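Open the model in your viewer and keep the selection tool at hand. We will go stop by stop.

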Amino acid sequence: MQLALFIIFGALAVAGALNLLLQRHPINSALSLVVVMMSLAVLYWSLGAEFLAAAQVIVYSGAIMVFFVFVIMLLNAGEEERTTGSRAAYIVGFPGAAAIFCLLSFVFLSERNAFGSSNVGGYLNHITSNISEVSSLLFTKLLLPFEVTSVLILVAILGAVVLARKEQ
Amino acid sequence: MPPASTNYDYLWLIPLVPFAGFLINGTIGRKLPRALVTAVALICTAIPAAIVAWLWIVMKAAGPPDVIQAVSQPWIQITGLTVNFALTVDHLTLIMLGVVTGVGFLIHIYSVGYMAHEEGYWRFFAYLNLFMFFMSVLVLAESFLLMFVGWEGVGLASYLLIGFYFKKDSAANAGKKAFIVNRIGDFGFLLAMFLIVREFGSLDFPHVFNAISVNPEWHGGMLTAIALLLVLGAAGKSAQIPLYVWLPDAMEGPTPVSALIHAATMVTAGIYMVARCHTLFDRSPYALGVVAIIGAATAIFAACLGMVQHDIKRVLAYSTVSQLGYMFLACGVGAYAAGIFHLLTHAFFKALLFLAAGSVIHALSGEQDMRKMGGLRKRIPITFWTMTMGVFAITGIPPLAGFFSKDEILYQAFISTNPLGKLLWFVGLVTAGMTSFYMFRLWFKTFFGPEHFEEHADLHDHGAAVHAYSGSHAVMVADPEENHAHGVHESPWIMLFPLVVLAILSVIGGWVGVPAAMGGHDEIGHFLEPVFANGVAAETATATASHGLEFGLAVVSVLVAAIGLYIAYVFYYKKPRTAAALAGRAPALYRLVENKFYIDEIYSALIVAPLLMFTRLFLGGLIDGGIVNGAGAAAGGTTRGLSSLVRRIQSGNIRSYAGWLAIGAAAVLLVMIFGRSIWPH
Amino acid sequence: MSAQVPIAAYLILAAVLFSIGVAAFLIKRNLITIFMSIELMLNAVNLTFVAFAHMWHQVSGQIFVFFVMVVAAAEAAVGLAIIIAIFRTRETLNVDSVDLMKS
């Protein structure tokens, strides 16, 4: 079953990513990205990170991507037009991406025996649940980073408000 | 024998006190009042003179010989060479010191009056004190290296003082010329020192001369080479052929400078050096012969040129060159004592002549051209009488100083073992006649006959006027309020006092060297015997010496001098147009001599011009422009080129930034993945 | 137990997503699309972290993903605000027209 999950949702994620690449209108790209994120949430769940899966759905695709869609609709961005730099970008972009992929996969494949296998139910058999593990770590040993991130979010809010304001 | 424990460290005061004077006047002299500058300068010259006088007493009282030393810290101490800062005084040094400090002090006094209206008063005395310092070091030095320090230093002081009126182009150029020509001589001196180190392993006089003395079989060869190189150095400093060209131009400096440096002291340094190294020269008859020939040739050549000069200082300059030639000649035939004797008397009367000329120039408000003088003897009597003493002394009229010293030289040349001895004697004789002629020419033209000068009713200033050559009153630098009485007037007493002293010395100065042939005891010869005991002259003294010969030769030279006097009398007093008529009958020859045989132009074309071209093209163009500039330009250009390449990354295009980001990240990844082996884990 | 999926598979999947993100970043011309490709890359990295957390049986990998998400959110907020500001002055979202930093 894990294999089936992996294959279906993995393929879905890749398809969504490719669609993001190939679509011309940004709204189509945004919606493809939402698909990718949902698939990833399932994959997180299959790897035993339930809290993250939930966070992925709620925060990432539910908030951040909605934000993207709002901005696209606000700015009424149209289809992309072709410009002079496009040709050069194609020449550099595809081979570059391919090179990175080859590099990374080379590394991962050369070490695949050391990685071992995944176990769907592995975590689910533990006494403590995933979320209690995460929270116990987060609020004890990593309390300071946690507080700092809340400050970070505050700063981001302020920055966004200032930057996006209309000139008075 | 002075006890060995006696401390002679006070010898160091002789050079160091004037140096202190230089420091004081040089640094804060500009702000001090004139009186204080004068006081500092005079005190710093009087103290060494007093110490030298004290030394005379000490050395005389100590009885036979000798030499005293003051050694201080080691200077260079490496394997193979040790040089100390050491001073030494023997009888030769005493005479030189007497000249340097005594005549120097008198000239300082004179300068107080002469330079009274000058703008750079403090600078003048600072340089003069500096000169005294270096000259003392030169004379007192116990090693070639320390002497060389003094040698170079007096060259520096000479440059500074010749170019004292630095705002005038000709003065600055003259200073440069003097320094550069001197450098050529110094090059010879340096090479000689290198050879000495190689041969003897030391630069100390006692060490080198002892080594030569204990090896009587050493002759010629390397010693000749060393001696010839030293002669080159001496020729540069003492203005002999071929390096005499700087001395006439050096007259651009103020007259006291000409008197002190270019008559009495600095130019005699070459003679002193040859005399000091006589042990070395005696072993090389070839070098001695060269010295004698150069001396005689210079003497007659300079006398020729001196006969047609119109500037009073130039006549005296060529006269100096000629008299230095006499001294060289004396050393060349081995009569070192005679050479030093003439050095002494020459210091007296040449300094006197220059100072008196300065007095004349001062009286005429800066006029130096003799064609614009005449009839001054009634106007400036004291100057006239003192200058007369000087003229009579230099022409060798007995019983004044020049007669005894010059005749000693001529006699020694006649009886010397040098095969050219008689010829050298004859050349010296002819030169004596020419000397008499041009000196009396100067005497008649300046003081007798009709007055050709203009009375200057307007303001004048010594300094500005005296450096206005040939009558053009170009630059007025001092305060116009400081007027003197209008018209021709005698100099102030502060300038006349040294003249009188030097005149007296010119009369009686020769009496220390009256030879036995004329009933004297030749004190100076005996005084210098310990120094030159093993000299060539001692050997030849027993040759064909006879009192009758000496007396006869003396009579001949007096006759020749009288002939010169008579001719000058006829040309310039009785029938003043004779000279012009003669010149008119041989215009080409006259012009040739008047233009100094075009030697300066020949040097300029043969040596200076190619050197300049070489410098400009090769050193200036290729090395400086090409390599040095090129290196700088290359560094700059490389940076510029590289940066123009790198600048393209900043295209403003976000996607290219992204591309570069990705490439950078990929590079880091690569290094991390595959660079494991080179990491020091 | 069903057939197990090797961890390497998850990693390869993440690599694929990352490469596609890089390609999109370099190729697309719309500012917002480029921004979205950054989010895609971040997600791929998150997947990698979670896979490794699973491999090591530790939860710290997931904590890191948590922080990455927070930062991504903040960054998205500020970045989009900037894009809005740019759009106001330029009326275009073409990335090639934003080249004022050209030297």
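How many residues does the contact take from chain A and from chain B? Chain A gives 8 residues and chain B gives 7 residues. Two residues are in contact if their C-beta atoms, placed from the backbone, lie within 7 Å. On the side of chain A that touches chain B, 6 residues are nonpolar, 2 are polar and none is charged. Here Ala, Val, Leu, Ile, Met, Phe, Trp, Tyr, Cys and Pro count as nonpolar, Asp, Glu, Lys and Arg as charged, and the others, Gly among them, as polar.

Before moving on, note that this is a predicted model: local features need pLDDT of at least 70, side-chain atom pairs count only at pLDDT 80 or more, and totals for chains, interfaces and linings use all residues. Residues are numbered from 1 along each chain as its sequence is written, while chains are lettered from A and ligands numbered from 1 in the order in which they are written.

**Select chain C.** You will find 3 helices and 0 strands. The pattern along the sequence is α-α-α. Helices (H or I, at least four residues) and strands (E, at least two) are DSSP runs, numbered from the N terminus. Of the 103 residues of chain C, 59% are buried (20 or more other C-beta atoms within 10 Å of the residue's own, with C-beta atoms placed from the backbone).

**Select α2(C) and α3(C).** They pack at an angle of about 175°, with their axes 9 Å apart. Axes are lines fitted to C-alpha atoms, for helices over the stretch in contact, and angles run from 0 to 180 degrees between N-to-C directions. So α2(C) is roughly antiparallel to α3(C) (over 145 degrees). Show the contact residues, including C:F35 and C:F49 of α2(C) and C:F64 and C:V68 of α3(C). They divide into 15 nonpolar, 4 polar and 1 charged.

**Finish in chain B.** Select α3 (residues 91-114) and α15 (residues 336-363) of chain B, which pack at about 5° with axes 10 Å apart. So α3(B) is roughly parallel to α15(B) (under 35 degrees). Among the residues that meet are B:L92 and B:Y114 in α3(B), and B:I340 and B:H362 in α15(B). This contact has 12 nonpolar, 2 polar and no charged residues.

Definitions and conventions:
A residue is buried if 20 or more other C-beta atoms lie within 10 Å of its own, exposed if 12 or fewer, and partly exposed in between; C-beta atoms are placed from the backbone. Angles under 35 degrees count as roughly parallel, over 145 as roughly antiparallel, 65 to 115 as roughly perpendicular and the rest as oblique.
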